[in-house]
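Let's take a quick tour of this model, going from helix packing to a sheet, a core and a chain contact. Have the viewer open while you read.

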Amino acid sequence: MTRSASESRAVRQDLAFAPKVERRTGSGFRVRLRGTVIALQRRSTVLGAFAFTIMLFVGASLYSPSGFGSRYNLQSVAIFAAFTGFAALGQTIIVIAGGLDLSIPWTMALGGIGVVLLAGKMPFVPAVILVLLIGLGIGTINGALVTVLGAPPLIVTLAVGAIIEGAIIAVDTTVEVGAGAVPATDIHLANATIGRVPVFFLLWFVVAAFVGVMLTRTPLGRKIYAVGANPRAARLAGIRVKRVQLITYSIGGVASTFAGILLAGYVQTTYIEMGQNYLFASVAAVALGGTALLGGTGSYWGTFAGAVTLAGLSAFLPMLGLNGASVDIAYGIVIIVGMYLSRGLQKLATMPLPSTDLGERERDNDE
Amino acid sequence: MGLVLQHIEKTFGGVRALVDGCVEASSGEVHGILGENGAGKSTLIRVVCGVTRSDRGDMLLDSKPLTIRSSRDALREGIATVFQESSLIPALTAEENLLFGRLPIGWHRRIRVTTLHRQYESILESCGVRHLPATALVRDLSLEDRQLLEVVKAVSVEPKILILDEATAALGPEDTQWVLHQARAAAGRGTVVLFVSHRIWEVRAVSDRVTVLRGGRTVLSASIDEVDDDELITAMLGHRLEEQYPSRKQHRANDVVLQVEGLAVGRSCGPVSFQLHRGEILGVFALPGQGQRGLLMSIAGALRPEGSMTLLGRRYAPKSPADAQQEGVFLLPEDRVREALFFEHTCLLNVMISHTERRRALRFLIDRRAEKQSATATVDRIGLEARRLPDIVSTLSGGNQQKVVIARALLVKPHVFVLYDSTRGVDVGTKADIYRLIISLADEGLSVLFYSTDVTETLHLCDRVLVLEGGQIVGNVLSSDVDEETLLGLAVAKVSVADMEDEDYEVETARS
Amino acid sequence: MRSKRLVADGEPGPLMASRPSELGVPWVQSRRHLMSLWSGLSTGSQVMWPLFVTMLVIYFALEPDGLRITQLSLTIQTTLPLVLVSVAQCFVLLTGGIDVSVGGVMALTDVLMATWLRGGNEWHIVLIVIIGLGAGVLNGCLVVVAKIPPFIATIATWSIYDGIALYILGSPGGSPPASFTTWVTGTAGPFPMPILLLVALLLLAWYSRNTELLKRIISIGSDKERAHLSGVRVERTQFAAYAIAGLFAALAGIYLALITATGDPTVGDGYVLQSVEAAVIGGVSLAGGVGGMGMAVAGSFMLTCCYNIISELSIPSWVAPPILGVLLLTVIGLRSRLERRELEHREIR
């Protein structure tokens, strides 16, 4: 329940009379230090992910300065990371809330093909908006099915993916469209750079910031974490669990569609399988970013780092002489390793602090 | 010859469930085990049947040491248990369940179906049960039939130790008698029978000796003929440490806030009817599994019961706890770890989860400063240090964790506050804080439904007490009118003199 | 005040003489036997069998030629890979888990068949089977030992096995030994091989129904804690289920390679969803504890029937996957309604 400001004041006054507990106050500095240490501890999974990313990029650039470290390579890595990042945006939020979305590849394809089909019939911006709305609708359907059917999201979203595939073909059987059909604006957007940095990457960065704010500073974000961490407790605490889960899938639908639209612009063509690469990649990016695949904790910044790492890996592995398929193998290994990492770092993040504690040991004076 | 449990200790994460559990049960004897909730009897049973491992202590069977590390070990040693939660597999048939673990294997690892059937029929016959169809899936059987099957399964193994843990919970009088007969028959064959029940008359009817546990210790062990019911109840209650109960002014009858009519949940609870008044602390006292969960979860909106409820004059039929909270009913759940807390998150989140403070300007963002103030003020009231707010909840003690959940409830400012065994696993100091808070809330006009398994606490804290047994309200008394013995007596279905002289009361008199 | 001892020693009396017993007149018995046979089927099966029979009737009405032995044999041949992979999935679903890596295992063994058996190395086929088993064992390790939830573990291994397949064979090509292909698509005596293989599978299904292993698998899918209380080695049984799944998925890939006479690293992906569809539509429950090999077989043929009916009605083939998707979701929805009610009752104890 939310309250107006005056009601809140009333509540606070009510509580004022209560007998106060003796409080030990340490010096201001030590309290702040403790707060900082706790904050760092909690973000250890994300920090770890970024550290790994940096190590990979530094290492790869040193190994192959003109190959990996070239401007061209870094730019395309940045763009691939951004696509992965957008595909994984919905995935991250959905996973934090305890679900999973395997229909992403087809939703992406829908985005790309949809914008191509509509751009012939209406100006670019309305076409994009319409396609995004369709994506929202699909995401909502995913969410509705998962929450209403109560079946494993893995299977439900996989089935929905198959249905989307059929729907795409139903709308226009001549799905393979050539370069000329992709709207010019789209192509420009996907390929533009500001200085050396691709616009799309910057856009992704901005969006990541928004998502970060949403997850940490809005009531919805808080509920998403709660629902993923402990759905039973969330329900008993008065959260409408199904509604929250539904919303996460809806967001996922929009994000995937958006990624698909820009993907069409970047590769300048559209085809049914255009999103296939991003199925495993989205899950792997989430796992690598320290978000527990079981839900309840994590952050989109972690996925950001994870997506960048994966993009870097997929560019680097061929340079080591391994063929492209090794990337798929890498995805799988990354998911497993990511599980272990997030479990280990989770323990780190929730360890009771040692001596920065102001002397009082919690567990001693127990029953 | 027999089972000896010596000085069994078990601690679960800070809570000492068993401190000194001792039982001596001979072969051919039915040994009753009594105790309140939290007394340790369920833990003791779990140790014997392998579900839990003791921290310390010895077990001896026929003077030889007994090591049990898992349920498989227990089965191998000849310990058969009729579990409260049932160990039957719902997706398998009755006959498959009955002979699970000793299915007749024939050619190439294939089960001999006809042999299975024959064995099943003959076992049922020898136990005097005839009506359980062999090929029925257990999930399609009624609760009573399941429990009967479970008893037959345990008995037919001809175990060395037979444990009956609340085996008669779902049964009517005839079936109960049958179970008691089975227990005695098993004893007659030389089995050690441990009979756990919360119903004193049952224990008396079937046991030779009895052990009472309290506070994790064995406090009484005697032949059943040497003690009477009152002594048993006193042993279960005992004298506890003087706990601080804040004084309370006499509650005066007030308008009705919550009216419950004919509430029933499945087979476990109801129909039940009662009223809750404004500013009243209404206690609900029951031993485990008597329908209190169904009742309280229904009131809190987590279940959809039959019957009707009225809150503040309006029809109250919440479809979810969120609905219930909007109407002003808040539940403090039973298992704070599994049902209330978000373990890996901060206290602040845990406190503010049901009620967020939004920014005035950008309504979709959280106002962090206002939240911190509200949270600080609230946790002050319950006696939790505000500096713990940024800490992760898993690092707090049990008592402080409970305080976090209570703070959450306070922020919501409900009309009706439902507390489900909120002082379990909580230290004395926190308990005192909680009592003080509840009383001050009631003084402010909040109504409290306080379910507890602690008799003393119930009597001292509550104005009125409902006693639940077998899903029914068996007592609706003012706390000033009763003492602890009476209250517990109601909950343990102690048979009174009047009852026994009642014509309808069945007594088996067959004597050889 | 004490209550009297109420139960005397001695023989327990007969229980509930008033309740109806199983005795009865013979014809009543056989009718009751039939009734119990019907009600003994899970609700899923009760829905499935009429649907299956209806589909068969419709299909053969539209295409009477389909009943001819050669045509039938061909249909069975094209369905057998799906049958095998659905059986694989069935074992894992029974434990309450899921295995999406079956697609990867199929791809891997398919590719190996096409590339590894050249020049006198035909016996490597045994190794390929073992590799499939090993893939299942790896899944089992991740789920049971590392305690990674099945959906995560098998997504990861799906990616890995698919990747290995792609690594070995970048695009469709290669060829398994012709001798194997001819043998598997030919006849043994008067009987076409596909029909023989199907019969063998059905015999296996019938046999497996009453093995203790299957009962144990069902028990852990039905209720893990209770299975544990009853003495089941939960971890070992789960492990076995995943290993068996790997084995059958490998057989599916091997067979597919043989009947297509080529290797293709991308075959697996389509089969993942289909294996679940076939199993679930055939009556296996996603929650675990309900199902059997026979259901996977029936479900696979239902899927094939669906495809064939659609093509007989001149509907374009791309309609089939979405329709099956909808069918899957419907079956899940109906089933979960019933299951959820039961769970609610279990909540309140």
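Helix axes here are lines fitted to C-alpha atoms over the stretch in contact, and angles run from 0 to 180 degrees between N-to-C directions. Keep in mind that this is a predicted model.

Helix α4 (residues 102–116) and helix α12 (residues 267–281) of chain C have axes that come within 7 Å and cross at roughly 145°. The crossing of α4(C) and α12(C) is right-handed. On the α4(C) side you'll find C:Val102, C:Gly103, C:Gly104, C:Met106, C:Ala107 and C:Asp110, and they meet C:Val267, C:Gly268, C:Asp269, C:Tyr271, C:Val272 and C:Ser275 of α12(C). Sorted by class, that contact has six nonpolar, four polar and two charged residues.

Over in chain B there's an open sheet of four strands, with antiparallel pairing and the order β12-β11-β14-β15. Its edges are β12 and β15 of chain B, each pairing on one side only. Two bridges hold β14(B) to β15(B), and B:Leu311 stands opposite B:Arg314 in β15(B). Helix α9 (residues 292–299) of chain B packs on this sheet, touching β11, β12 and β14 of chain B, and its direction makes about 130° with that of β11(B).

| β12(B) | 269–277 |
| β11(B) | 256–265 |
| β15(B) | 314–315 |

Now for the greasy part. The largest nonpolar core has 373 residues, and the members touching the most others are A:Ala284, A:Ile335, B:Val418, B:Val448, B:Leu449, B:Phe450 and C:Phe248. Helix α11 (residues 234–260) of chain C gives this core its largest share, 18 residues. What does B:Val418 touch, not counting residues up to four places away in sequence? The set is B:Leu296, B:Ile299, B:Ala300, B:Val329, B:Phe330, B:Leu331, B:Leu332 and B:Leu449.

Finally, chain A. It has 15 helices and two strands, and buried residues make up 51% of its 367 residues. Among its contacts between residues at least 6 apart in sequence, 79% join residues at least 24 apart.

Chain A also meets chain C: 33 residues of chain A are in contact with 32 of chain C. On the chain A side, α6 (124–149), α7 (153–171), α13 (278–288) and α15 (325–349) each supply at least two residues. The largest share, twelve residues, comes from α7(A). By class, the chain A side divides into 26 nonpolar, five polar and two charged residues.

Technical notes
Residues are numbered from 1 along each chain as its sequence is written. Chains are lettered from A and ligands numbered from 1 in the order in which they are written. This is a predicted model: local features need pLDDT of at least 70, side-chain atom pairs count only at pLDDT 80 or more; totals for chains, interfaces and linings use all residues. A residue is buried if 20 or more other C-beta atoms lie within 10 Å of its own, exposed if 12 or fewer, and partly exposed in between; C-beta atoms are placed from the backbone. Two residues are in contact if their C-beta atoms, placed from the backbone, lie within 7 Å. Ala, Val, Leu, Ile, Met, Phe, Trp, Tyr, Cys and Pro count as nonpolar, Asp, Glu, Lys and Arg as charged, and the others, Gly among them, as polar. A nonpolar core is a set of buried Ala, Val, Leu, Ile, Met, Phe, Trp, Tyr and Cys residues joined through C-beta atoms within 7 Å. Two strands pair if DSSP finds at least two bridges between them. A crossing is left-handed if the near helix is turned anticlockwise from the far one by less than a right angle, and right-handed if clockwise.
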